[in-house]
Amino acid sequence: MEKRDKIYEGKAKIVYTTDKPGLVIQYFKDDATAFNAEKRGTIVGKGVVNNRMSATIFERLGKARIPTHFMATLSDREMLCRRLDIIKIETIVRNVVAGSLAKRTGLPEGTAIRQPIVELYLKSDPLGDPMINDDHVRMLKLAMPRELAWIKRTALRINTVLVPYLRKKQLLLVDFKLEFGRAGKTLLLGDEISPDTCRLWDATTREKLDKDRFRRDLGGVEEAYQEVYRRVVPQQ
């Protein structure tokens, strides 16, 4: 597999074309950002953790017949994926009140949500990724109604797979972000699933083991990422 031109560089990844049409290579960086990139830093080893954990999770979702862009792990920091036309919607699934949901509702952080909540956000750094609803999706022509219905249904399916899977690793899946895209007419889960995109707490102590340690200056960021890696990624 030959890596060719850089087609995109985001806050956490670089995407390259390959000599195979329709396939790209995602390179995972150690760069860290928060609050719409107002806070920046480096989490040493983050790229390795996020790449390897995402691959492990995508393989687990594949076994549950949830379609993803993942094809293969190429190295500690590189993943071979199907090229997607990303839908400009960030889909958040929430199982426990935390972060912005606590601020918006006044509920204490850590409050269990009896029925998981699916939220939609416009994927737009200049606008600060504002929350949107189905009507906004239609107005902005981000996705067809059947596509949006599939996205929300699939997000909940992913949740039903990941909650018990991570619970066995002594991790509480508080909430997580998903991005979907089109490969031709096929919808697939894209991006990554990692401590960057999930809130993960220790199931017993409720210790935060995710990017919130960076956001909130809690310290022990690298250690938290490595602990998640140790629990989730099969050790060779």
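This is a predicted model: local features need pLDDT of at least 70, side-chain atom pairs count only at pLDDT 80 or more; totals for chains, interfaces and linings use all residues.
Residues are numbered from 1 along each chain as its sequence is written, and side-chain values use heavy atoms, with hydrogens and water left out.

- Aspartate 196 sits in the loop between strand S12 (186–189) and strand S13 (198–202); helices (H or I, at least four residues) and strands (E, at least two) are DSSP runs, numbered from the N terminus.
- Aspartate 196 counts as buried because its relative accessibility is 11% (buried means under 20% relative accessible area, exposed over 50%, partly exposed in between, with a 1.4 Å probe and protein chains only).
- Leaving out residues up to four places away in sequence, aspartate 196 touches Ala12, Lys46, Asn50, Lys211, Arg215 and Tyr225, where contact means heavy atoms within 4.5 Å.

- Glutamate 222 has its place in helix H6, which covers residues 221–232.
- With a relative accessible area of 28%, glutamate 222 is partly exposed.
- Beyond its neighbours within four places in sequence, glutamate 222 is in contact with Thr42, Ile43 and Val44.
- A polar atom of the glutamate 222 side chain lies 3.3 Å from the backbone nitrogen of valine 44.
- From glutamate 222 to arginine 82 you go 140 residues in sequence and 30 Å in space, C-alpha to C-alpha.
- Tyrosine 229 lies in helix H6 too, and it touches Val48, Val49, Arg52 and Gln235, not counting residues up to four places away in sequence.
- Tyrosine 229 and glycine 219 are 10 residues apart in sequence, with 17 Å between them in space, C-alpha to C-alpha.

- Most residues other than glycine have a negative phi.
- Aspartate 129, not a glycine, has a positive phi of about 50°.
- You'll find aspartate 129 in the loop between strand S9 (112–122) and strand S10 (131–132), and at 19% relative accessibility it counts as buried.
- Aspartate 191 isn't a glycine either, yet its phi is positive, at about 60°.
- The place of aspartate 191 is in the loop between S12 and S13, and at 11% relative accessibility aspartate 191 counts as buried.

**The whole chain**

- The protein chain's secondary structure comes to six helices and 13 strands.
- A compact globule of 236 residues would have a radius of gyration near 18 Å, and the protein chain agrees with that at 17 Å (taken over C-alpha atoms; the globule rule is 2.2 Å times the number of residues to the power 0.38).
- The C-alpha trace spans about 50 × 45 × 35 Å along its principal axes.
- Of the 236 residues in the protein chain, 53% are buried.
- Take contacts between residues at least 6 apart in sequence: 57% of them join residues at least 24 apart.

Methods
A polar contact is a pair of N or O atoms within 3.5 Å; within protein, one must be able to donate a hydrogen and the other to accept it, and residues adjacent in sequence count only if both atoms are side-chain atoms.
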